[in-house]
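Please open the structure in a viewer and keep the selection tool at hand. The stops below say what to select next and what is found there.

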Amino acid sequence: MTRMKRYILILAATLISAACSDLEVNENVYHSKEYMFADFGMVKDVMTNAYGYLETGFAAVGGTMTECATDDAVYANTPNTIKFFYDGSWSKNNTLDDKWNTLYSAIRACNYLMENCPEDFEVAQYLEEYARNKAQLVNYPWEAKALRAYFHFELLKRYNNIVIADKTFTVEEVNHLTQTDYQTAAGWIADELLEASAHLPATYSGTAFSELGRATRGFALALRSRVLLYAASPLNNAAADKELYAMAAAAAKTMLDQNAKDGTYMLQDEVFNTETKGTIFAVRKAADNAFEKANFPAGYEGGHSGVCPTLNLAEAFDMIDGTPYDRSNNIQSLMDGSMRDPRYEKTILYNGASFKDQTVETFRGGRNGEPLAEASPTSFYLRKFLRENTSLVAGQVTSYQHIWPVIRLSEVYLNYAEALFEATGSPFFKGSLAGVSYTMSPLEAVNAVRSVYGMPPLPDTLEADAFRTRMRNERRVELAFEGHRFWDIRRWKIAPETCNIYGLSINRSDDGTFIPTPILLQSRQWEDKMYFYPISEVEMHKNKGLNQNPDW
Amino acid sequence: MKKLFIVIISLVASAGLLAQEPQSNAGILSTVGEDVLDNSSQRQILNAMYGLLPGLQLYQNGSGYWPADIIPNLTVRGKGSYSGNHPLILIDGVVRDPSEINVAEVESVTVIKDAASLAIWGVRGADGALMITTRRGGQEPFRLKTSVRTGLQIPYGTPKMASPGAYARALNEALANDGLPPYYSQANVASIEDGTGRIIPTMDWQSAMLSKYGLITDADFSIDGSRNRTRYYVYANYSSNSGFLRNTGLTENINTQAKYYALKIRSNLDIQLTRTTTLLVGLSARLQQQQGPNAGLDLTPMYTAPTVGIPARFAGMWVRTNMIDNPIGSILGTGRKIDFGRSLLADITICQDLSMIIPGLKADVHASYDNSATIIDSKSFTYSYLTLTPQYNTSGDLVDYSLAQYGNDTEIAFSTYLLSQNMRFTTWGRLYWDAKFGKNSLGASMLASREYYKLRGVGNTYKHYDFVLSVNYDYDRKYLLNLTLNESASSLLSTGDKFRFYPAASVGWVLSKESFMSGASWLDYLKLRASAGLTGMDANLQYDMDKQFNGVGNSYIFTLPSDLTGLREGDLPSVGVRPETELKIDAGIDFKLASSLTGEIDVFMSRRDGLRTLAGNAVSGVLGVGLSDSFEGRVSRRGVEVALQWNKSFGEFSLNLGGTLSYVKNRIDYIEEQYSPASFQYQAGGALDRLFALMSDGFYSAGDFNSDGSLREGVVSSTFGQVKPGDVKYKDLYEDGKIDNYDYTWLEVPTLPNLYYGARLGFAYRGLALNVLLQGTGNWTAVTNLPSVYCPLYGGDKNVSEYYLANCWHPDVTDGVKYPRLTTLENNNNFRDSDVWTANGRYLKLRELQISYTIKAKFFERINLKEAKVFLQGNNLFSIDDMGIFDPEYISTGYPCARTYMAGINIQF
């Protein structure tokens with residue numbers, strides 16, 4: 001019996017040990033942290049991941065553009081979340097565009113690289129590719145630093161008081177972190193960008209990999225001008241401290257001066273979705289027609305109208321002679337692009353515009369007009385960024401690449417104009433301010449942008465207030481649908497004045513002429529708490545030390 | 001004597017049971033045998049089990065697929081976990097797909113639910129098991145049975161959509177409610193209603209697409225017997241089912257009708273190799289073919305296309321609009337698809353008597369290999385179509401349509417691909433030993449088993465080991481004791497931590513054998529039993545949860561057109577990966593009274609821990625990286641089961657009545673939940689499977705508003721949108737004067753019933769017999785948020801049902817309504833999860849009805865005919881419920897469910 005017992009024990013032990021090795025099923029592939037930084041290629045991929053957090057604004061919120069929550073556009077499709085921005089349903093427990101978690105993930109991806117990136121792979125030095133790999137490797141931490149600053153700014157403009165994540169946090173500490181105030185955070189971001197700019201190359205064109213999508217010196221400096229301009233704006237500068245504007249002006253000048261030396265970028269009449277010298281930093285998208293599906297006018301096969309520019313925006317474009325549009329005299333020009341600033345027909349499809357070899361008909365009963373389902377309520381459709389060649393016809397579907405400009409040179413000119421004008425109160429200021437010598441006046445900066453399109457310069461007789469209006473209008477027109485208006489109406493604190501949304505109702509009379517009538521489409525809700533986003537209640541609960549933005 | 005032993009062992013072995021079988025803790029009515037199965041009118045085995053076994057709940061699969069080959073969802077004693085329910089379905093001891101098993105080839109079905117019986121499945125057993133045993137030969141020297149039945153399936157639960165006139169008026173009413181101009185003028189509506197207007201097309205999609213019935217045929221053939229040293233059972237079945245889709249004749253050469261064919265063969269052989277060795281071989285194979293439209297059998301477009309405004313075809317082309325899909329075109333006009341399924345199940349077992357070594361010692365070794373695959377073969381194409389845009393005259397009448405052609409007619413595209421394949425290899429070896437010392441019997445068994453299961457694709461390989469030691473003792477079959485210990489392993493667990501230990505014990509006391517009970521002559525049998533033990537469940541784990549998966553991250557384009565794929569830091573790994581562990585405690589009584597009433601009553605309670613729960617709900621998003629699940633969740637359940645069976649004969653009239661009832665309550669004891677300031681938003685403390693929804697409080701009435709359309713002071717407002725009279729008013733649970741996300745709560749009644757019952761009634765008089773199977777449930781919440789039928793007209797859901805129109809708020813009908821006003825706009829207030837879009841799902845259904853007549857004739861004996869029986873059968877003939885338009889188990893705009901009417905004949909030689 002004892003022998004029996006022993007046999008049984010031996011048998012059991014053998015079976016169990018055999019089972020143990022059989023039970024290892026190693027089908028999953030995973031990488032250790034060491035492996036992630038084990039060679040040039042892997043580190044490059046880690047860097048690529050951080051870039052991958054950059055987003056376009058083609059479908060930023062609720063599948064559409066943020067302009068639909070401003071006076072620049074309305075969204076044609078009734079089921080949408082973008083309207084929560086203005087219908088009163090936005091709250092700390094019904095958040096919108098809540099990028100808190102995503103942006104901190106993006107920041108961690110940058111920190112992950114910065115904290116683990118090796119300086120060199122000496123073992124690889126005899127390989128053919130070594131030199132150019134090494135050149136790229138040493139650049140990564142600075143690219144990551146610039147991106148990290150960008151992601152922090154994306155947080156800052158939304159949430160006002162943010163946690164600066166200059167390192168990866170542990171699970172134990174993360175619920176006890178505290179926020180910094182806006183100016184401190186903006187200053188930190190600006191300093192980070194300045195530091196990164198000293199190491200980043202002016203351009204990647206002509207480098208070993210020619211990877212144009214990487215962060216450049218120009219990107220860091222241009223972003224810095226934006227960050228400091230936001231920090232100086234009325235929303236964040238209640239005391240109207242002109243020194244903040246002076247710093248923003250100096251930052252814009254630094255970028256423009258550096259660019260004059262490097263010669264990388266130049267103002268030009270942009271052809272969107274192509275590589276241009278006017279774009280400082282852009283997110284490139286592979287061929288895709290989702291944007292066209294969403295925004296082609298109703299009546300074009302597959303189109304769902306999407307972003308419909310408002311009459312408010314249509315009227316912001318100057319007349320071709322450089323004078324401002326005047327509704328009582330120029331209303332017919334809304335249907336004739338040749339009478340307007342050339343940017344008008346590059347931005348908006350209007351009744352009578354030509355698109356995809358057809359004339360856009362947005363009058364009542366027209367091919368693209370009401371009562372057609374999903375037709376634009378404003379009579380206008382989006383033109384900017386759409387790839388006209390895209391076909392959504394079943395069986396012949398085509399799609400094309402898109403390029404989303406994150407920062408363009410013209411913005412820096414307009415940042416310069418705004419900062420210098422607000423710092424000095426004069427459109428014509430030239431000279432020395434806070435130790436910096438300015439040779440281009442705010443007016444000249446605005447005119448530099450206008451001249452690209454052949455638009456006559458603004459008159460040199462403008463009063464300060466009139467100049468401010470024309471300058472802001474220039475920014476609205478130049479940067480339309482690039483994601484700026486949403487933030488500009490906030491930092492200028494003019495949001496309450498942008499709540500009435502107008503469209504155009506066009507009737508065709510029996511003789512074929514069009515009778516346009518402005519109509520009030522929406523009176524949107526605005527509360528001052530909406531200048532900043534609420535931090536979600538869930539996040540507030542996880543970290544009890546966080547402060548909520550006012551009135552949320 | 002030895003022979004008998006071997007027979008017993010081989011039967012036991014084939015059932016996959018341990019030597020504990022004679023003293024099993026299972027109740028005496030927890031098994032359904034041939035007597036019941038022979039009278040079933042179902043083909044597929046699980047479909048025949050509704051309400052028959054105490055503690056087994058079956059629910060018709062409401063997922064909207066074609067029900068020809070779909071098996072019911074099942075739970076054993078309800079659910080014990082919020083992260084899935086995985087009861088084992090064992091066919092001849094091996095985990096297998098029960099959809100392949102027909103009623104006619106099954107000998108018995110047993111539900112296994114207590115810890116002592118489940119212990120041998122260790123880390124897989126916590127959700128209970130259903131054990132199906134197929135037939136084997138040997139009861140008679142030779143037997144031939146054949147059964148043929150054929151009949152009709154009638155679709156039901158297809159709600160009627162509004163007629164053209166009703167639709168046009170409803171659309172105008174909805175537009176008026178929204179403050180918009182009418183779509184159809186008065187004159188248009190009148191012409192639609194009386195059919196005079198030729199301009200506006202009307203179309204009854206439902207009658208155009210669905211036929212009145214489908215045909216169903218089912219033929220069984222089996223022979224069994226014994227010859228020399230071999231016992232055999234051979235079974236074959238052919239079944240076919242043609243669906244409800246009407247052949248429109250509009251798509252040339254391609255038949256998109258739904259059709260199903262299956263051929264099934266089984267052969268079970270028991271061969272006595274030597275005096276002490278028996279070989280058991282089982283082979284089962286099935287070929288099946290399921291054909292349907294390439295677009296699938298989801299008929300949602302049929303319900304969402306209105307009866308007005310769009311014809312099927314015009315000028316020889318399909319018609320569509322921007323909003324409305326053409327259901328005939330999109331479902332029946334885009335080609336067909338065939339699923340070919342093949343499977344082979346093979347078993348071999350060798351049983352060896354080892355009494356020559358130690359008296360009472362036996363062993364068996366088993367291996368089985370199952371393999372199945374589904375291959376898809378499709379023909380598809382797209383078509384060009386016209387879209388209609390209405391043209392109005394100046395007085396607002398729709399006078400014409402403008403037409404535009406879109407799309408292209410494409411060539412037929414062929415494709416064939418493998419949809420699924422799986423392979424399972426199961427082996428076990430066992431040693432048993434039994435001995436009797438006077439009135440003491442002692443038994444012990446050791447089992448080592450391995451299961452290897454592989455589905456198509458990576459990470460789909462699963463292995464399980466169980467090493468079981470089981471000891472039984474009884475004294476005079478009066479006091480019974482069983483102890484089972486299982487060292488059980490799952491490949492899903494972490495390296496070096498694969499094993500878990502599952503002990504269980506049960507005791508039994510047969511009171512009726514006690515001398516002090518001998519006076520009670522009416523009492524034939526009375527047994528008290530109890531068990532307790534641990535069971536496990538690993539199915540909710542994934543591989544390598546303890547590792548940080550750094551891997552593929554975001555991609556980015558540095559230079560057009562190609563993108564680079566990045567590498568990201570993975571979620572922080574889980575700590576303490578473990579399977580769910582359930583402690584089960586069970587007590588029961590079995591009895592038999594007056595030779596006619598048999599009964600079984602069980603009470604149980606169990607507590608499960610180690611449930612996966614989200615760790616991230618407590619950690620700030622500033623961390624910037626995901627967290628994997630932790631294993632802190634806990635669920636408990638308790639309940640009672642009763643089964644009664646009464647058989648009695650009065651002369652030539654015999655009666656058998658049976659009933660089962662189970663009542664289970666479960667509770668989430670702990671789950672990591674997202675923060676909410678309102679206590680009623682937390683799930684823990686309540687039952688599983690509840691809906692997170694708003695509670696309605698009637699509808700806004702005109703009196704709730706000021707003359708300018710704003711809400712009166714004190715009336716609760718909605719942050720989900722501007723409300724109007726006829727919109728849903730919700731309960732302000734958070735009591736802040738407005739309805740927002742904080743007013744959501746977990747509805748009290750879960751989406752699975754606590755109470756589940758069944759009743760089987762059998763009457764026989766001479767050759768005539770009637771068998772009825774009824775099954776019902778107590779209260780549960782059925783979700784009815786189906787587009788068009790319930791949530792009508794807005795968005796892409798452009799239709800409305802008659803039922804909705806009869807029950808919704810109208811400007812002139814505001815009392816006693818169930819649903820909010822009609823609207824064409826997206827209404828963010830009305831169309832969100834709330835109790836408006838639920839109904840009480842309770843039902844009592846006639847699952848089966850069979851009337852049969854056994855023909856007796858003198859000449860039968862001459863031709864060796866033992867039995868001839870003709871019968872009429874029906875399934876799902878009626879349901880008593882609160883739903884009205886749908887089967888409560890099948891609220892779907894998918895392929896309709898069916899009532900079945902069949903006639904057939906059984907012949908046995």
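A residue is called buried under 20% relative accessible area, exposed over 50%, and partly exposed in between, with a 1.4 Å probe and protein chains only. Under that rule B:Asn807 is buried, because its relative accessible area is 19%.

This is a predicted model, in which local features need pLDDT of at least 70 and side-chain atom pairs count only at pLDDT 80 or more, while totals for chains, interfaces and linings use all residues. Residues are numbered from 1 along each chain as its sequence is written, chains are lettered from A and ligands numbered from 1 in the order in which they are written, and side-chain values use heavy atoms, with hydrogens and water left out.

**First stop: B:Asn807**

Select B:Asn807, which lies in helix H9 (residues 802-807) of chain B. Helices (H or I, at least four residues) and strands (E, at least two) are DSSP runs numbered from the N terminus. Leaving aside residues up to four places away in sequence, B:Asn807 touches B:Val817, B:Lys818 and B:Tyr819; contact means heavy atoms within 4.5 Å.

**Second stop: where chain B meets chain A**

Next, display both chains. Here 71 residues of chain B are in contact with 79 residues of chain A. The buried area, which is the accessible area (1.4 Å probe) that two parts lose on being put together, summed over both, is about 6400 Å² between these chains, and carbon and sulfur atoms give 61% of that. Select B:Tyr556, B:Phe558 and B:Leu567: in chain B they lose the most area to chain A, together 13% of what that side buries.

Four salt bridges are counted between chain B and chain A, a salt bridge being a side-chain nitrogen of Lys or Arg within 4 Å of a carboxyl oxygen of Asp or Glu. B:Glu569 forms a salt bridge with A:Arg108, and the closest N and O atoms are 2.8 Å apart. Among the elements that give two or more residues to the side of chain B that touches chain A are strand S25 (551-559) and strand S26 (562-568) of chain B. The largest share of that side, eight residues, comes from S25(B).

Over all chains, the structure holds 60 aromatic pairs. Rings of Phe, Tyr and Trp (its six-membered ring) pair if their centres lie within 6.5 Å; planes under 30 degrees apart count as stacked, over 60 as edge-to-face and the rest as tilted. Select A:Trp90 and A:Tyr533: the pair is edge-to-face because the ring centres are 5.2 Å apart and the planes stand at 85°. A:Trp90 is buried at 3% relative accessibility, and A:Tyr533 is buried at 1%. Both residues belong to one aromatic cluster, whose members include A:Phe85, A:Trp100 and A:Trp552.

**Last stop: salt bridges within chain A**

Which residue forms a salt bridge with A:Glu154? The partner is A:Arg158, with the closest N and O atoms 3.1 Å apart. A:Glu154 and A:Arg158 are separated by about one helical turn because they are four residues apart in helix H5 (residues 130-159) of chain A. A:Glu154 is buried at 9% relative accessibility, as is A:Arg158 at 7%.

Finally, select A:Arg491 and A:Asp488, a salt bridge whose closest N and O atoms are 2.9 Å apart. A:Arg491 is buried at 1% relative accessibility, and A:Asp488 is buried at 3%.
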